[in-house]
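Subject: Structure for you to look at

Dear colleague,

Here is the structure that I promised to pass on, and my notes follow below it. Please read them with the model open beside you.

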Amino acid sequence: MTYSPAGKKSTLMTSRRQLATVIDLNKCLACQTCTVACKGLWTKHPGAEHMRFANVTNEPGAGYPRQWRKLGGGYEGAKPRPGRCPSLSDYGGGPRRFNHEQVTRQGAGQRAHLQLLDSDGEPPTWGYNWDEEVGGGAWPNPYYINLPRKCNHCSKPACVDACPKGAIYKRESDGIVLIDQDRCSGHRFCIEACPYKAIYFNPVTQKSEKCIECFPRVDQGIAPACNRQCIGRARHYGYLDDESGDVYKLVEQWRVALPLHPEYGTLPNVFYVPPLSPQAFDPDGKLLDEMRIPMEHLVELFGAEVPRVLTTLQAEIAKQKAGESSELIDLLVGRVWLDRFGGFTGDPAHRPGERDE
Amino acid sequence: MRASRITAAVEELGSVDAGFWASAASAVVPLEPTPMALVEAVSPRMASRTDHGAVRSLRFQAVHNRSHLAIRVGWQMTEANTIDDLDQFADAVAVMFPLHRDAVALTMGAAGKPVNAWYWRAGDSAPFDVVAEGLGTSSRRDSKLTALSAQSRHAEGAWVVTFVRPLVVEAEAARFEPGVRTGVAFSVWDGGRAERAAHKSSSLVFSELELEA
Ligand code: SF4
Ligand code: SF4
């Protein structure tokens with residue numbers, strides 16, 4: 001069935017096929033190109049200033065919105081786990097401005113220096129990616145992980161389940177989760193419900209907005225901007241059941257890509273290849289045969305499968321180093337850039353069907 | 001409950017402070033928390049929270065001038081709540097009428113048995129005209145469609161809200177006629193307690209409202 005606003009909850013929550021993203025955390029360099037690619041396309045309108053449907057923050061860290069993991073949502077067994085909405089300051093506040101006026105026109109040039117101020121005119125004390133590279137671990141073994149996030153277009157979307165208006169639905173053909181802006185009343189049960197806090201309230205329209213998985217591009221065979229623009233070549237895209245695609249191979253066949261916080265119970269469809277670590281040092285600076293990133297932390301993020309995945313990655317790297325070939329490493333390296341998009345290889349700079357000469 | 005017929009200009013009818021309200025009959029309507037069993041199917045998450053419905057009564061008054069109906073409602077609310085941040089919710093009130101003789105207030109009507117409501121929310125520039133055919137189906141329409149207007153005041157720990165609408169409008173909406181009875185039901189949302197949608201206090205059933213001939 002296609003979407004109808006009065007549709008049954010179970011219909012709104014299911015799809016025939018599912019598009020998915022795989023992100024290799026060994027390759028993400030936190031360049032924020034995905035963040036900017038998304039921002040420029042989808043959240044430049046009034047009331048969307050605080051929104052970053054695609055975002056990258058460091059682990060361990062408060063994340064974006066701030067302390068999103070402590071705001072609840074998702075499921076506890078079969079039951080909804082209570083959740084809260086973030087405040088504007090949790091996103092880093094409203095747009096910031098330089099104090100040009102003060103420095104250039106109020107005769108304060110000798111006292112005041114040019115600086116960026118919060119929307120309330122105060123120097124900022126929090127912002128997007130504020131704790132970048134703070135990370136965790138103690139000397140001589142500090143560490144951090146770059147964690148890019150977006151809506152997971154979940155297979156059990158708590159947001160759809162929670163909306164009393166039937167305004168949120170999964171597209172039947174590909175599982176993309178969308179909010180019908182005509183139906184949305186801004187009640188924000190979805191924001192409370194999403195354990196990833198991937199839904200944002202627009203105070204101007206008084207409605208909720210979220211990642212639309214660039215569906216107007218996807219409908220023309222073009223990969224979402226966050227995935228296509230990724231300069232780290234960290235991302236793969238495609239249908240989860242397309243056996244010829246990278247996503248299927250990494251998630252189902254090699255089983256090296258895992259969902260973030262599977263315990264939240266929403267069955268996310270963004271999968272992460274967990275990061276290998278540099279070796280740790282002992283206090284005298286000697287290299288140890290231990291990982292720099294604590295295994296417990298990775299397990300906390302991606303579940304109990306992490307040790308198995310890291311063992312597979314190490315074994316395949318060893319094979320490659322020994323001069324044998326590894327299908328897995330070839331997939332992750334991805335020598336032909338367009339191979340990683342599961343057939344969504346269209347170029348947004350060209351009209352559909354137009355050839356890149 | 002009764003809407004007395006008075007002589008007043010339309011602009012005056014909508015005023016929360018108009019002199020005629022002092023002498024207009026008033027009724028106290030008891031309110032109750034909406035039972036969450038009703039919304040289990042539309043939102044299990046909403047149904048799992050049951051700390052709503054703190055406002056337990058509302059004061060109701062109504063008058064008409066043969067062309068327009070004015071309704072004035074008031075209820076206790078220590079602080080006025082508006083959406084000043086992304087995690088805040090606004091106080092609101094709705095007055096609902098059946099569009100079908102068998103429409104049930106508790107469920108906001110049902111398929112083929114619609115209801116019509118006037119919805120005011122603190123901080124909004126205009127009220128909404130709402131139609132629904134059951135819980136979760138409500139649809140907000142521009143108040144211009146039915147020439148619905150509202151005014152409000154928060155003072156001394158209470159809200160007073162007035163609604164004014166022509167007795168008859170072209171759109172699919174409640175119609176009023178002097179001498180004829182209709183049903184009326186009420187809902188109040190306490191924004192400070194994050195009440196919205198079915199998290200509210202409600203009169204649960206339609207009471208009779210007669211417009212004086
Ligand atoms: S990540 Fe959140 S918003 Fe996206 S589908 Fe899952 S529950 Fe819904
Ligand atoms: S564009 Fe790619 S490499 Fe850059 S931050 Fe995003 S996911 Fe990481």
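Phe302(A) touches Leu25(A), Leu147(A), Leu258(A), Pro259(A), Leu260(A), Pro262(A), Tyr272(A) and Pro274(A), leaving aside residues up to four places away in sequence, where contact means heavy atoms within 4.5 Å. Together with Ile168(A), Phe302(A) touches the most other members of the largest nonpolar core, which has 97 residues; such a core is a set of buried Ala, Val, Leu, Ile, Met, Phe, Trp, Tyr and Cys residues joined through side-chain atoms within 4.5 Å, and buried means under 20% relative accessible area (1.4 Å probe, protein chains only). A second, separate core of 30 residues includes Phe97(B), Trp159(B), Phe163(B) and Leu211(B).

This is a predicted model, in which local features need pLDDT of at least 70 and side-chain atom pairs count only at pLDDT 80 or more, while totals for chains, interfaces and linings use all residues. Residues are numbered from 1 along each chain as its sequence is written, chains are lettered from A and ligands numbered from 1 in the order in which they are written, and side-chain values use heavy atoms, with hydrogens and water left out.

The charged end of Arg149(A) sits over the ring of Trp68(A), 3.6 Å from its centre, and in chain B that of Arg140(B) sits over the ring of Phe128(B), 5.4 Å from its centre; the criterion is NZ of Lys or CZ of Arg within 6 Å of the ring centre and within 35 degrees of the ring normal.

As for burial, Phe53(A) is buried at a relative accessible area of 5%, and Tyr200(A) is likewise buried, at 2%.

Best regards

Technical notes
Buried < 20%, exposed > 50% of the residue type's maximum accessible area, 1.4 Å probe, protein only.
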